[in-house]
Amino acid sequence: MDKRRILIVDDDENIAELISLYLVKECFDTEMAANGEEALKKFESYHPHLILLDIMLPGIDGYDVCREIRKKSNVPIIMLSAKGEVFDKVLGLKIGADDYMVKPFDSNELVARVQAILRRSATQNEEKQQEAKDEGECVKYDGLTVNLTSYSVVYNGKMVEMPPKELELLYFLASKPNQVFTREQLLDKIWGYDYIGDTRTVDVHVKRVREKIKDGSNWSIATVWGIGYKFEVK
């Protein structure tokens, strides 16, 4: 079995080397990048299964690197932030980060999180493939088409740009009309593992989806107060 490839993006060579040692010891393959531009180049050539991405980078910062990668890939990203740095968790989640860790962190926790994300991501991909076979890869409602195969959303005849997590959240809800899901269930289904932190990431993504598509004549993304969300079909 091929080793899982981890791209480590950090301008502190000592930290990057240390993280690499932790991961290589656990039989991962690693590659390092010292700045945002190098990270984007190595992402294209190295094809990592997961990215550890520092926020404060020379030139292109971690937020912009994350934005660029999310335009074309759903690869898991864990953002890293030094203690004391201003790190906007909500912004990180908005642009597509899967998790975050504050430095200095425990090596065992880092490895455990990487393993958990990759394990659940693999399971999630298998489930998606099976669901695609069982249910089809496209859901259609009046004025709305969400295609999971091509990762496209058409709303009132126009293509809507939507990052992978927003699209997956919309597709998941729309493929199970009138079924209520808690924020924790949605985190598990869409992000693929037990998210470390609060559940605001779901609210953030729902808000972003609602900004891009308004309720249809016979459907809506409804908030079920005190519980979570559902795709309501009348």
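Buried here means under 20% relative accessible area. The model is predicted.

**Exercise 1. Burial of helix H6**

Determine how many residues of helix H6 (residues 164–174) are buried, and name them.

*Solution.* 
Step 1. Apply the cut-off of under 20% relative accessible area to each residue.
Step 2. Count: 11 of the 11 residues of H6 are buried, and the helix is mostly covered.
Step 3. Name them. The buried residues of H6 are Pro 164, Lys 165, Glu 166, Leu 167, Glu 168, Leu 169, Leu 170, Tyr 171, Phe 172, Leu 173 and Ala 174.

**Exercise 2. Packing of H7 and H8**

Find how the axes of helix H7 (residues 183–191) and helix H8 (residues 200–212) are arranged, and which residues make the contact.

*Solution.* 
Step 1. Take the axes. Those of H7 and H8 come within 9 Å and cross at roughly 75°.
Step 2. Classify the angle. The range 65 to 115 degrees counts as roughly perpendicular, so H7 is roughly perpendicular to H8.
Step 3. List the contact. H7 supplies Arg 183, Leu 186, Leu 187 and Trp 191, while H8 supplies Thr 201, Val 202, Asp 203 and His 205.
Step 4. Sort these residues by type. The contact of H7 with H8 has 4 nonpolar, 2 polar and 2 charged residues.

**Exercise 3. The setting of Thr 201**

*Solution.* 
Step 1. Leu 187 and Trp 191 belong to the H7 side of the contact with H8.

**Exercise 4. The S11–S12 hairpin**

Describe the pairing, the turn and the burial of strand S11 (residues 219–224).

*Solution.* 
Step 1. S11 pairs with strand S12 (residues 228–233) in the antiparallel sense, over 6 bridges.
Step 2. Pick one bridge. Thr 223 has Tyr 229 of S12 as its partner.
Step 3. Inspect the turn. The two strands, S11 and S12, form a hairpin with 3 residues between them. Gly 226 in this turn has a positive phi of about 80°.
Step 4. In S11, 5 of the 6 residues are buried, so the strand is largely enclosed by the rest of the structure.

Notes. Residues are numbered from 1 along each chain as its sequence is written. This is a predicted model: local features need pLDDT of at least 70, side-chain atom pairs count only at pLDDT 80 or more; totals for chains, interfaces and linings use all residues. Side-chain values use heavy atoms; hydrogens and water are left out. Axes are lines fitted to C-alpha atoms, for helices over the stretch in contact, and angles run from 0 to 180 degrees between N-to-C directions. Helices (H or I, at least four residues) and strands (E, at least two) are DSSP runs, numbered from the N terminus. Angles under 35 degrees count as roughly parallel, over 145 as roughly antiparallel, 65 to 115 as roughly perpendicular and the rest as oblique. Contact means heavy atoms within 4.5 Å. Ala, Val, Leu, Ile, Met, Phe, Trp, Tyr, Cys and Pro count as nonpolar, Asp, Glu, Lys and Arg as charged, and the others, Gly among them, as polar. Buried means under 20% relative accessible area, exposed over 50%, partly exposed in between (1.4 Å probe, protein chains only). Two strands pair if DSSP finds at least two bridges between them.
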